[in-house]
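My entries follow the structure.

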Amino acid sequence: MDKLRFKRVLFKLSGEALAGDKGFGIDPATVTTFCSEIAEAAAMGAEVALVIGGGNIFRGMSASASGMDRASADYMGMLATVMNAVAVQDALEKLGLSTRVLSAITMQEVCESYIRRRAIRHLEKGRVVICAAGTGNPYFTTDTAAALRAMELKCEVIIKGTKVNGVYDKDPKKFDDAVLFDRLTYMDVLERQLAVMDSTAISLAMDNRMPIVVFNMFEPGNLKRVITGQKAGTIVE
């Protein structure tokens, strides 16, 4: 069995990724594929916490730009993340994993409330912890929630799954000459305004020396490569 480089990880999963090729909503086949990768990591002994976005259902910032009150729009986005979290929980449990959804917004009929010590205990017991509803506050993205939960849960790394092979100097889907970075500093990301995570999340990670690995989550086996320390994507530290 490969030796783990990172024992406890925070996996940031975008909502858009759950839509697969459909572009909107939840694609069960895509969710199952991602969950199979998570199951493989858990079988190796990794303790996995997830933070899931909601952009496949509702984007608060887009709605705000269209005239909706920003706080109201952000709360709607948080509710979308809970829907995604329940979908991922269902897929993981079908694969035999024990999971818990912990929401920053209380909704006791659907999931547990997020309590840091409870979340850590779930991880210690081998359960996959799915953190929903962002930070529970408007004006904060799920990127920032991922950075915050990583610190609170004493994770060793933030791993962010994307549709490309890491961080580029420009959009590789639009520019053929886009350059892939192997390694970046936090200040590189902030100064170049690279689309890794938002500036609040990067600053929080920098202040707490939390490494970030950005990788292609659509390539089978990549999650395993990341947690075992093999080359996969871009490292920000």
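**Entry: the core.** I began with the largest nonpolar core, which has 40 residues. A nonpolar core is a set of buried Ala, Val, Leu, Ile, Met, Phe, Trp, Tyr and Cys residues joined through side-chain atoms within 4.5 Å. Buried means under 20% relative accessible area, exposed means over 50%, and partly exposed lies in between (1.4 Å probe, protein chains only). Phe11, Leu50, Val88, Leu92, Ile130 and Ile159 touch the most other members. I then listed contacts of Phe11 (heavy atoms within 4.5 Å). Leaving out residues up to four places away in sequence, Phe11 touches Ile38, Val48, Leu50, Ile159 and Phe215, among others. In soluble globular proteins, nonpolar side chains tend to be buried together.

**Entry: ground rules.** This is a predicted model, where local features need pLDDT of at least 70 and side-chain atom pairs count only at pLDDT 80 or more, while totals for chains, interfaces and linings use all residues. Residues are numbered from 1 along each chain as its sequence is written, and side-chain values use heavy atoms, with hydrogens and water left out.

**Entry: salt bridges.** I counted a salt bridge when a side-chain nitrogen of Lys or Arg is within 4 Å of a carboxyl oxygen of Asp or Glu. The count is 13.

I looked at Asp90 and Lys94. Their closest N and O atoms are 2.7 Å apart. Both sit in helix α4 (residues 70-94), four residues apart, so about one helical turn separates them. Helices (H or I, at least four residues) and strands (E, at least two) are DSSP runs, numbered from the N terminus. Asp90 is partly exposed at 40%, and Lys94 is exposed at 64%.

Next came Lys160 and Asp143, at 3.6 Å. This pair links distant parts of the chain: Lys160 is in strand β6 and Asp143 in helix α6, 17 residues apart. Both are buried. Which residues form a network of salt bridges with Lys12? I found Asp143 and Lys160.

Glu237 pairs with Arg183, with the closest N and O atoms 2.2 Å apart. Glu237 is partly exposed, at 43%.

**Entry: cysteines.** Cys111 is buried, at 9%. The sulfur of Cys131 is 8.3 Å from the closest cysteine sulfur, in Cys155, too far for a bond. Cys131 is buried too, at 3%.

Key. A disulfide is a pair of cysteine sulfur atoms within 2.5 Å.
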